[in-house]
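Grab a pencil and have a go at these exercises before peeking at the solutions.

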Amino acid sequence: MTSHVPNEARVIPLRPRAERPEARPTASRPTVSPVPPERRPPTVREPLWRDLVGDVLRRERLEQERTLKEVAEAARISMPYLSEVERGRKEASSEVLAAAAGALGLGLGDLLARAQGELVRLASRHTGAGAGRGTPGTRFDGMCLAA
C-alpha cells in the first residue's frame with residue numbers, strides 16, 4: 001500500500017507573524033539615502049604592525065647585505081617563515097622577533113622602536129598632522145603593544 005502524502009515539512013514559526021522582520025511594514029524603517037562614491041571620504045588603509053616590523057627586518061637585512069638564509073640560520077628560524085614575517089604575512093611571536101632582531105645585531109626594543117617610528121611617520125603622512133589620539137593635530141610618540 002502506498003499512500004499519496006505530499007513530501008512537505010510543517011514549519012512552526014518561532015515568533016508570531018507580526019514580529020518577524022519580513023512581516024514588518026517597511027514604512028517604520030528610516031530611509032537612508034546612500035552617499036554617492038564621489039562624496040565619500042577616501043578610505044585610508046592603516047598599516048598593520050606585522051607589515052611595519054617585516055619592513056624593518058627586511059630593510060636592515062638588505063642594508064647589511066645578508067641573505068635570508070644567513071639571517072634565518074643565525075636566528076634559528078626557518079627561511080620560509082622568516083620570509084613570510086618580512087613580507088608581513090605572519091604575525092610573529094616576540095621570541096621570533098627577538099631572534100630575528102638579534103641575528104641582525106639589533107635588540108627587540110630597537111626593532112620595535114624602528115617599527116613604531118615608521119608607524120608615526122606613515123600616520124602623520126595620512127592625517128597630515130601627526131598620529132592623532134582622538135584629537136586632530138596632536139602627536140602620539142609613545143609605544144603601545146598588544147598581545
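First, some ground rules. This is a predicted model, where local features need pLDDT of at least 70, side-chain atom pairs count only at pLDDT 80 or more, and totals for chains, interfaces and linings use all residues. Residues are numbered from 1 along each chain as its sequence is written, and side-chain values use heavy atoms, with hydrogens and water left out.

**Exercise 1.** Work out how many helices and strands the chain has.

Solution. Start with the DSSP runs: helices are H or I with at least four residues, strands are E with at least two, and numbering goes from the N terminus. Count them up and you get five helices and zero strands. The pattern along the sequence is therefore written α-α-α-α-α.

**Exercise 2.** Describe how H2 packs on H3.

Solution. Two packed helices are described by the angle between their axes and the distance between the axes. Here the axes are lines fitted to C-alpha atoms over the stretch in contact, with angles from 0 to 180 degrees between N-to-C directions. For H2 (residues 68–75) and H3 (residues 79–86), the angle is about 110° and the axes lie 9 Å apart. That makes the pair roughly perpendicular, a label that covers 65 to 115 degrees. Next, list the contacts (heavy atoms within 4.5 Å): H2 brings Leu68, Lys69, Val71 and Ala72, while H3 brings Met79, Leu82, Ser83 and Glu86. Sorted by class, that's five nonpolar, one polar and two charged residues.

**Exercise 3.** Find which residues have the most contacts inside the largest nonpolar core.

Solution. A nonpolar core is a set of buried Ala, Val, Leu, Ile, Met, Phe, Trp, Tyr and Cys residues joined through side-chain atoms within 4.5 Å. The largest one has 22 residues, and Val53, Leu57, Ile77, Leu82, Leu97 and Leu111 have the most contacts inside it. Now trace where the core comes from: H1 (49–63), H2, H3, H4 (94–103) and H5 (108–127) each supply at least two residues. H4 gives the largest share, five residues. Zoom in on Leu57, and its partners beyond four places in sequence include Val85, Leu97, Ala100 and Leu111.

**Exercise 4.** Is glycine 107 buried or partly exposed?

Solution. First locate glycine 107: the loop between H4 and H5. Its relative accessibility is 29%, so glycine 107 counts as partly exposed, the class between 20% and 50%. To finish, its C-alpha sits 9.3 Å from that of leucine 97, 10 residues away along the chain.

Terms used: Angles under 35 degrees count as roughly parallel, over 145 as roughly antiparallel, 65 to 115 as roughly perpendicular and the rest as oblique. Ala, Val, Leu, Ile, Met, Phe, Trp, Tyr, Cys and Pro count as nonpolar, Asp, Glu, Lys and Arg as charged, and the others, Gly among them, as polar. Buried means under 20% relative accessible area, exposed over 50%, partly exposed in between (1.4 Å probe, protein chains only).
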